[in-house]
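Please read the following report alongside the sequence and the coordinates shown here.

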Amino acid sequence: MSMFPIATLTPNGVSSAAFTNIPQTFTHLIIHATAFSAAASGALANFNSDSVATNYARSGLSSTGAAVQNSSAAASGTTYIWSYAGFQDATTPYGAVMTILDYSNTTKNKVMRIYAAGDRNGAGGMEMNYLLWENTAAITRIDILNDIGSNWVTPTRFSLYGVSVSSATGA
Amino acid sequence: MPIVPFAGPSTAKGALVPLGSTVVTNTTTAEIAFSNIPALYTDLYLQAAVRTTESVVSRTIYITPFYSGLPAQPQSNTMMDQTGVTTLTASRTSNQDGQFSGLAPSAGAAPDTFGTFEWWCLNYANTTNFKPSLSRWYWTSPAAGQQGWRAGLTRANGAITTVSVSTFSGSVFLVPGSRATLFGVRTVGQ
């Protein structure tokens, strides 16, 4: 498989950013996030502007470096990409790599895995989150929202990539 | 993951640009370093398969970003690891010279078993903010195995120009066959 750049968002002074008109020509999607926020906060995802609360669920494994936790949660019209606040603000970044499988398939609910983390020299947080969007629609729009409504600030960057499989081997 | 544009009819360019790949061929190498990294990409992505000579089951591997003029001890980590037979453990480091990016099998582990590392350095060429990194590592054998995740931070604002995969020891070496490959991750317009 091969990975291709689709779009990059660099939000500044706004609490949400959206990838729209996502092409349906790839098999999977990958998002790389480097996020700075005006206030300590997490990040939420919404797909295709679907606000039906029961369509979103998350399970995950997380750690602050002092303890580990597991969690699962249904959400309300969005789902957490990362939930730890306090390890990310206007000067300290939080990073994430998010993989969305079979995003253009129209017969499967959408699943995705996220590795998100931030370190602050003696403190930090990391999360492995597994998300479900219980909807078989092809994903054409992804909104990334600040969970407390604070603003993303420069140099925040959300980059969207498409992953294609080989026409020769299917790999 | 393939790293070059595929040879099909599309004119699209791949996002992963191979910058360098090194295989250890002798018994005296403690570090694989990629230097003079151009500030042309958005992120860096490194894959490594390594094993060390130390006489223990596993040993820390340091995947560390640098640039000339880096302040002293700017590296730190938040860590979550598992041996496969114990519950997850959590720990941190602060004010270090290197990033504790995971554990590689060593002389006390099953022979010819290498540990796999995936490492991302995000926004590496930015010159106004600290640099975050993520790593995921694992190795397994019939009787043992370990895995973990590490968040790293380089508390410095300069663009990263060197990435080192190291044992950080003059007496612990990477075994021949250990390999590291570094990619630049392009975004649109790069």
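The paragraphs below turn to chain B as a whole and then to one residue of chain A.

This is a predicted model, in which local features need pLDDT of at least 70 and side-chain atom pairs count only at pLDDT 80 or more, while totals for chains, interfaces and linings use all residues. Residues are numbered from 1 along each chain as its sequence is written, chains are lettered from A and ligands numbered from 1 in the order in which they are written, and side-chain values use heavy atoms, with hydrogens and water left out.

Chain B contains 0 helices and 12 strands, where helices (H or I, at least four residues) and strands (E, at least two) are DSSP runs numbered from the N terminus. Its radius of gyration is 17 Å, close to the 16 Å that the globule rule gives for 190 residues, so chain B is as compact as a globular protein of that length; the radius is taken over C-alpha atoms, and the rule is 2.2 Å times the number of residues to the power 0.38.

| Property of chain B | Value |
|---|---|
| Box of the C-alpha atoms along the principal axes | roughly 50 × 45 × 35 Å |
| Buried residues | 52% of 190 residues |

Buried here means under 20% relative accessible area, exposed over 50%, and partly exposed in between (1.4 Å probe, protein chains only). Among contacts (heavy atoms within 4.5 Å) in chain B between residues at least 6 apart in sequence, 75% join residues at least 24 apart.

In chain A, Asn55(A) sits in the loop between strand E4 (43-47) and strand E5 (56-63), and at 14% relative accessibility Asn55(A) counts as buried. Leaving aside neighbours within four places in sequence, Asn55(A) is in contact with Asp50(A), Leu132(A), Trp133(A), Glu134(A) and Asn135(A).
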